[in-house]
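Subject: Structure handover

Hi,

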Amino acid sequence: VRRAGAIHAFDSINHLFFISEMIVPGSSYWNLGFGHGPGEVEADAEGMETMRVLGSNMAWLLQKING
């Protein structure tokens, strides 16, 4: 994880999801944003764009699952 240094932890969590046969939507990058105080994450343009793509992918997946 270029922005957080946690690639092993993220990989381990995803392995648990996958061996549990979960459907895991992804995004354009790691699903996280940075901020120190309330509302500061909104200034993280890369994080906000990643979350926008994730939300779009989640909405698509829910539509497919729920028909």
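Which side chains meet in a salt bridge? Those of Glu49 and Arg52, with an N to O distance of 2.8 Å. Bear in mind that this is a predicted model. A search of the whole structure finds one salt bridge.

Glu49 and Arg52 both lie in H2, which runs over residues 45–66. They sit three residues apart, so about one helical turn separates them. An α-helix has 3.6 residues a turn, so residues three or four places apart point the same way. Glu49 counts as partly exposed because its relative accessibility is 36%.

Now H2 itself. The helix has 22 residues. From first C-alpha to last, H2 reaches 32 Å, close to the 32 Å expected at 1.5 Å a residue.

Which residues of H2 are buried? Gly47, Thr50, Val53, Leu54 and Leu61 are. These residues cover an arc of only 125° around the axis, and therefore lie on the same side of H2. Exposed residues sit on the other side of H2: Ala45, Trp60, Gln63 and Asn66.

Just past the end of H2 comes Gly67, with a positive phi of about 60°.

Phe18, Met22 and Val24 make a nonpolar patch of about 280 Å². Of these, Phe18 belongs to helix H1, residues 7–19.

Best wishes

Key: Residues are numbered from 1 along each chain as its sequence is written. This is a predicted model: local features need pLDDT of at least 70, side-chain atom pairs count only at pLDDT 80 or more; totals for chains, interfaces and linings use all residues. Side-chain values use heavy atoms; hydrogens and water are left out. Patches are made of residues with over 30% relative accessible area and no salt bridge: like charges are joined within 9 Å, nonpolar side chains (Val, Leu, Ile, Met, Phe, Trp, Tyr) within 5 Å. Accessible areas come from the Shrake-Rupley method with a 1.4 Å probe; for residues, only the protein chains shown count as cover. A salt bridge is a side-chain nitrogen of Lys or Arg within 4 Å of a carboxyl oxygen of Asp or Glu. Helices (H or I, at least four residues) and strands (E, at least two) are DSSP runs, numbered from the N terminus. Buried means under 20% relative accessible area, exposed over 50%, partly exposed in between (1.4 Å probe, protein chains only). The expected span of a helix is 1.5 Å times one less than its number of residues. The arc is that of the directions from the helix axis to the C-beta atoms.
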